[in-house]
Each structure stands twice: as structure tokens, then as C-alpha cells.
Amino acid sequence: MDDILLSTEEKMESTIISLENRFTNVRAGRANPSMLDGIVVEYYGVSTPLKQLANISVPEARQLMVKPFDKSILGSIEKAIFEANLGITPNNNGECIFLVIPPLTEDRRKELVKQVKTMAEEGRIALRNIRQDANTAIKNLKLPEDEEKYGNEEVQELINKYNKIIDDKLKEKENDLMTI
């Protein structure tokens, strides 16, 4: 039963990590280099992640600077950023690319909060599925009734703990999004 509880906790932990990664992709009007993590650039016929081809820095709160190691791919990087549909137009000055992040409107902030709440709910659903799998695994062990009940209570304590973590992360992200 300890193995079941251990693997259940590991799965719940990975659900939280996955949720945190999804939360970082929701931008709060501030420049963050991770906004460009999913961008892939054609470099000598090979699809290469942008962060392997350039330094990405934040010179100002609402600005990203992409400085390629090889200036010959500046146009390819600019095209890849434009096609990534980030809602940001890249500005090329011949040496590097600047991305100015526009300030968020109140409606857009509320929209992003809804999006984050949906992500949090998906995380809770994943936790419930993990709990259901764990309870089924405990039941299949054919333990005495009191041990089975104890195992189910342990799994419930785990889900309560991780649901609280999701709630805390959601509140934190909501405050981040609604702060101007």
C-alpha cells in the first residue's frame, strides 16, 4: 500500500508542476523570456528552439530583446516569432529583435483569469482521476476492510493537500494578472 501512496503522491506532484508550467505561459503584461519557449526557428534546414540560437533578455519591464548568436538568421527568427501568434510584432534593428509587450486591458485581464481558472479546474480533475486510480489499486489489494479504509483516507488527505496547492497557485496567478 505504501507503494501506491508513494506513486499517487508523485503523480499529484507532477500534475502541480504541469499546472505551474501552463500558468507561466499566461502572460501578465510583463516581459518574460519563457514567453518565447515554444518558438522553433528553421536554421540550416533544421527546426531549432529559439533559445538555442539567441540570448533572450529583458531590458525593460515590457520589452524583450532577442540577440542571435549568428546575425544571418535574424530574419528567420523574426519570421518565427511573427508566425507564433503571440500578439506581439517583432522589431528588427539589424543586430537584434525587440518585442514590446502591450499593456493588458481590463477585459483581457478578466479573460486571462477565466483561462487560468479553467487550467486550475483541469488540474483538479487530473487529481481526482489519480485519486480514483489509487483507490481502485488499494481495493484490488484485497486488504482487510479497516486497512482499505485507512488507505483511502490517506489518498484523500493527499488530494486535499494538492487541491490546496492548486488553490494557492490560482490565487497567486489571479493577483498577478489583475495587478496593473
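1. Leaving aside neighbours within four places in sequence, lysine 173 is in contact with Phe23, Val26 and Val116, where contact means heavy atoms within 4.5 Å. Lysine 173 belongs to helix α4; helices (H or I, at least four residues) and strands (E, at least two) are DSSP runs numbered from the N terminus. With a relative accessibility of 12%, lysine 173 counts as buried; buried denotes under 20% relative accessible area, exposed over 50%, and partly exposed the range in between (1.4 Å probe, protein chains only). A polar atom of its side chain lies 3.1 Å from the backbone oxygen of phenylalanine 23.

2. On provenance, this is a predicted model, in which local features need pLDDT of at least 70 and side-chain atom pairs count only at pLDDT 80 or more, while totals for chains, interfaces and linings use all residues. Residues are numbered from 1 along each chain as its sequence is written, and side-chain values use heavy atoms, with hydrogens and water left out.

3. Helix α1 covers residues 2-24, and at 1.5 Å a residue its 23 residues should span 33 Å; the end C-alpha atoms are 33 Å apart, so the two values agree. The expected span is 1.5 Å times one less than the number of residues. Buried positions in α1 are Ile4, Leu5, Thr8, Met12, Thr15, Ile16, Leu19 and Phe23. These buried residues pack against α3 (106-140) and α4 (145-178).

4. How are α1 and α4 oriented relative to each other? They pack at an angle of about 10°, with their axes 11 Å apart. The α1 helix is therefore roughly parallel to α4. Axes here are lines fitted to C-alpha atoms, for helices over the stretch in contact, and angles run from 0 to 180 degrees between N-to-C directions. Angles under 35 degrees count as roughly parallel, over 145 as roughly antiparallel, 65 to 115 as roughly perpendicular and the rest as oblique.

5. The α1 side of this contact includes Glu9, Glu13 and Glu20, and the α4 side includes Lys161, Lys169 and Lys173. By class, the contact of α1 with α4 has 12 nonpolar, 2 polar and 7 charged residues. Nonpolar covers Ala, Val, Leu, Ile, Met, Phe, Trp, Tyr, Cys and Pro; charged covers Asp, Glu, Lys and Arg; the others, Gly among them, are polar.

6. Helices α3 and α4 pack at an angle of about 170°, with their axes 10 Å apart. This makes α3 roughly antiparallel to α4. The residues of their contact divide into 14 nonpolar, 6 polar and 12 charged.

7. Alanine 80 is found in helix α2 (residues 74-83) and is buried, with a relative accessible area of 11%. Apart from neighbours within four places in sequence, alanine 80 is in contact with Ile39, Val40 and Val41. From C-alpha to C-alpha, alanine 80 and leucine 141 are 53 Å apart in space, at a sequence separation of 61 residues.

8. Most residues other than glycine have a negative phi. Tyrosine 44, although not a glycine, has a positive phi of about 50°; this residue lies in the loop between β1 (40-43) and β2 (46-49) and is exposed, with a relative accessible area of 65%. Lysine 142, also not a glycine, has a positive phi near 55°. Lysine 142 lies in the loop between α3 and α4 and is exposed at 71% relative accessible area.

Note on methods: Polar contact = N/O pair within 3.5 Å; in protein donor to acceptor, adjacent residues only side chain to side chain.
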